[in-house]
Amino acid sequence: MSASDANSSAKTQTTSGGIGIANLPNQLHKIVTKKGTNLSIMVVGESGTGKTTFINTLLTTELIEPLEDAARRKKQMDKTVDINIHKAELEEKMFNVKLNVVDTPGFGDYVNNNDCWLPVVDFIENQYEQYLRQEQQPVRKGVVDMRVHACLYFIRPNGHTLKPLDVRAMKAIGARVNLIPVIAKADTLSPTALRQFKKRVMDVIDAQSIRIYQPPVESDDEAMTVRNKDIISAVPFAIIGSTQEVKTADGRHVKGRQYPWGVAEVENDQHCDFKKLRSLLIRTHMLDLISTTEEVHYDKYRTTQMKTRKFGEPKPRKVDNKKFREEEEMLRKRFTEKVKLEENRFRQWEQKLIAERDRLNKDLEQEHNLVKQLESEIEAISNVNSPNGKFFRK
Amino acid sequence: MAPSAPSINSTMSSRMATPRPSSYRYKSEKRGMTYNIMLVGQSGLGRRTFLNTLCEREVISPPEAPNPETANIADPMRFDTYEVNIEEEGTRISMTVIDTPGFGDGLDNTECFKQLQDYIEAQFDEVLVEESRIKRNRRYRDHRIHTLIYFITPTGHSLRELDIELIKRLGEYVNIIPVIGRADSLTVEELATFKQNVMRDIDYYKLPLYNFCWDESDSEALKENREIMDYTPFSVVTCDEVLDNEFGAVRVRRYPWGSIEIDDEGQCDFALLRYILLNSHIADLINYTEDVLYENYRTKKLEVGGFGEGEDQGDEENDEDDEVLGAKNE
């Protein structure tokens, strides 16, 4: 058989006895279990929407500690959006996950919130950039992958609709990463108000072409399909977060929030969508989140970058954040001032040296003159001593 | 059906029974006290429902469904005026409420403060002009804002830049009473911590809130007022529906896990706030606005040379002012 024949006719054959190809999934399972995985989740939203509590509730551990008073006061009028990364390693039944949670304090908290989503977007793109660069290195071992797999956007429930800030921010973020909208502090809306709010939010998302994460619905397992449909119908997820255990009226101990008028339970589907969101993030769709990030979002970034840049060229800097520009100006000013100071110092030193040299030269000349004088005296005396000399005086 | 006075301090109701020597109570009995309140706060904190619950009827109807196509554009702030006549324990109050939808809802809200300040100053200016007329209008309606109710977002942490800036800038022109909107999103401990943090911020930034204890002459009232100040900022929850149970009609807000009774002081400060606004402190708020805030404004304005006072300011300025007054009188 010639090579061309082999290429043109690829026959599909099922082996009768079974050579063992079907064992690949098991091998893969072993490899993945040993390797573990890397998961990055970002939480974006105004302060006080329950981001920290949600993360701590999700992970059943206090990963993010509440801010101290001094730190909080400093942030109040600070006018910047920070990016804080919290790392944790989770282990469950011999499977471990390296988890990164990215928090964005200061987002939407000020009087002027124009462009406050830029640091968020920059962070996401920078992670893609880092990964891209590392891929292009000769040695690819030990790649640090901080690409964000899911971004939870916390919407404050004002009972009407999305704010312009939410619309602009979600549009920018959703184009670059898996965006999952979440209604924060859902225990402040009555069930009818909540339904209406969800509908309005989805209407705006559609009308404004905001791209949100769409989990795959169809699956081989009937039960999975039903569950998936259930999850999708709950978007945006209304959540309540709590790390405390409280006792309900009928004596159960649950995770929830205790009010004088009742207990709002975190894991009760009648009260909020926490379980569905947890399922989406971890139990059922974690892999899909990771693969969509790599195959869709990262790939899009890679394609656009490679079209315009040569291999190995650094990324051109975009228009910076205004606040960073100001800082840059300040630093530049300080630097020039320092340089000026040093130059002055050197000049003075030079002057001193020149003055010193002149002084020494003068001394030298004086000495020289003295020497000359003495020399001429000696000559005069020796002339007197010589035969054809003049009178000599004693 | 007015909710009964809160049982916090029984002497408060007795204060109302004995008329205080304020000119307002006597003169305005027939017409009804003129009382102007402004509601300020970001959308979704319950300003509209607060007013409806306060007046026990739907004064402001629910807004129309927002248009999803324009959700990315912020509506500019506007001033909506509502006239409500209330009868509170025998006193007639002719209340004007000014709502400010659009405050703090845009991307850049730096202009909002100036707009509010201009509005409040405009009301003062109107009175200033009216006072200086040769022939005054007997039916003149005073539009000066007596109380500004500011709705704080229940973040559970502390004040935000918007809150701090607003109180800082407007505190010298109007009585500001801080209120926690949607307070039912906070548990009992969270509410206590939040109130504490807010008051600490207010001390730290020296924010000029309405000082309930401004009148130090009446020592009994002073004691009461100190107790009231411990409740600030007032937690407010607003009414969704009225239930009928064995005790009569109860105003509630219902959740799958329980119902809040709006008028129960153990659950929120609405009843107390209502009592303060419409009953025990209405005269104080009005008097402070007229005797202190307005007078300060007037002094400042006249020092700068706005209305013709002071011959030593130069003939040019006087002529200008005469022109203004002359024009207004025609």
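**Surface patches and a buried strand residue**

Analyst: In this predicted model, A:Glu222 is found in helix H8 of chain A, a helix that covers residues 222-233.

User: Is A:Glu222 buried or exposed?

Analyst: The relative accessible area of A:Glu222 is 59%. Because exposed means over 50% relative accessible area, A:Glu222 counts as exposed.

User: Which residues gather with A:Glu222 in a patch of negative charge on the surface?

Analyst: A:Glu222, which lies in helix H8 of chain A, belongs to a patch of negative charge on the surface.

User: How much accessible area do A:Leu28, A:Ile31 and A:Val32 have together?

Analyst: A:Val32 lies in helix H2 (residues 24-35) of chain A, and at 38% relative accessibility A:Val32 counts as partly exposed. With A:Leu28 and A:Ile31, A:Val32 forms a nonpolar patch on the surface, and the accessible area of the three together is about 260 Å².

User: Is B:Ile152, in strand S4 of chain B, buried or exposed?

Analyst: Strand S4 of chain B spans residues 147-152 and includes B:Ile152. Its relative accessibility is 1%, and since buried means under 20%, B:Ile152 counts as buried.

User: How far apart in space are B:Ile152 and B:Val198, C-alpha to C-alpha?

Analyst: Leaving aside residues up to four places away in sequence, B:Ile152 touches several residues, among them B:Leu45, B:Phe194 and B:Val198. B:Ile152 and B:Val198 are 46 residues apart in sequence, while their C-alpha to C-alpha separation in space is 9.5 Å.

Key
Residues are numbered from 1 along each chain as its sequence is written. Chains are lettered from A and ligands numbered from 1 in the order in which they are written. This is a predicted model: local features need pLDDT of at least 70, side-chain atom pairs count only at pLDDT 80 or more; totals for chains, interfaces and linings use all residues. Side-chain values use heavy atoms; hydrogens and water are left out. Patches are made of residues with over 30% relative accessible area and no salt bridge: like charges are joined within 9 Å, nonpolar side chains (Val, Leu, Ile, Met, Phe, Trp, Tyr) within 5 Å. Accessible areas come from the Shrake-Rupley method with a 1.4 Å probe; for residues, only the protein chains shown count as cover. A salt bridge is a side-chain nitrogen of Lys or Arg within 4 Å of a carboxyl oxygen of Asp or Glu. Lys and Arg count as positive and Asp and Glu as negative; His and the chain ends are not counted. The place of a charge is taken as NZ of Lys, CZ of Arg, CG of Asp or CD of Glu. Helices (H or I, at least four residues) and strands (E, at least two) are DSSP runs, numbered from the N terminus. Buried means under 20% relative accessible area, exposed over 50%, partly exposed in between (1.4 Å probe, protein chains only). Contact means heavy atoms within 4.5 Å.
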